[in-house]
Amino acid sequence: MNTRAVHAYLLLLPAFVLLAAFTHWPAVATVIDSFFSTPKPNRAAVWVGLENYQVMVEDPVFWRALRNNLWFALGTIPLSIALALAMALWVNGRIAGRAFLRLAYFTPTVLPMIAVANIWLFFYTPTYGLLDQVGGAFGLPSRNWLGDPSTALAAVTAVAVWKEAGFFMIFYLAALQGLNPSLREAAAIEGASRWFFFRRVLWPLLMPTTLFIGVNAVINAFRLVDHIFVMTRGGPDNATALLLYHLYEVGFKFWDQGYAAAITVVMLALLALVALLQFFVLDRRTHYQ
């Protein structure tokens, strides 16, 4: 190995060490811990094999959290992407107050999720909340949005969409501004409608951005826990318990580290599977030129 190669590896060594210490080794250690029992003050962890996974399979709360998380993902991912694209198309045009609209759409992104959750707690408060005040003006009855199992998950889903759409809008806006303006001019000369131009020209060119946003949206759908902790704590009757919140309760409330590690492994496997499907299925339909 020549001197330049050694010098290059020495420059990369700090990054390699940090990546291995804080990313690769924790993932490997979590997989190992999932096959051991939880250590106690007077008893070290012992090998239990697949017992933690068996407990997970037999745990109804886990399956409820997984089902809730899937519905949460199906609600947040397409809605946030569609809303972000609509907002980007709107603020990319020549309209009055364009800078103000961009700022207004992006503002929820910079707010901490804890602050956002507290703001929406005021909106959802029965009788005195904003939604009930507006509904009462039209003669609608008061409703406990977060206390009703039939509406609690949809209520927290709306919060996540409101928080994420502005962040995704920035990527779509950057992609739209990077497109050649002559494409729209050529389509207008040919008599193409706006919908035809969007469906046949604009949307295919935005697919790389959509793929990137989609991967991030999937990750966000499975890692959001702070607004659940503030707004519902998984209730009522586990109606809003998501996988990460269930993992938090198992690991830090009930202090079952082995079972928590098994849930973590399943979550990582699900995210890896979805990411692979997105890259190997959607990437083939994505145009980069």
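Helices here are DSSP runs of H or I with at least four residues, strands are E runs of at least two, and both are numbered from the N terminus. On that count, the protein chain has 13 helices and zero strands. This is a predicted model, where local features need pLDDT of at least 70, side-chain atom pairs count only at pLDDT 80 or more, and totals for chains, interfaces and linings use all residues. Residues are numbered from 1 along each chain as its sequence is written, and side-chain values use heavy atoms, leaving out hydrogens and water.

**Overall layout**
- The C-alpha atoms fill a box of roughly 80 × 75 × 30 Å along the principal axes.
- Of the 289 residues, 36% are buried (under 20% relative accessible area; exposed is over 50%, partly exposed in between; 1.4 Å probe, protein chains only).
- Take contacts (heavy atoms within 4.5 Å) between residues at least 6 apart in sequence: 66% of them join residues at least 24 apart.

**Nonpolar core**
- A nonpolar core is a set of buried Ala, Val, Leu, Ile, Met, Phe, Trp, Tyr and Cys residues joined through side-chain atoms within 4.5 Å.
- The largest one holds 58 residues, and Tyr-172, Phe-222 and Met-231 touch the most other members.
- Leaving aside residues up to four places away in sequence, Met-231 touches several residues, including Trp-120, Tyr-124 and Leu-146.
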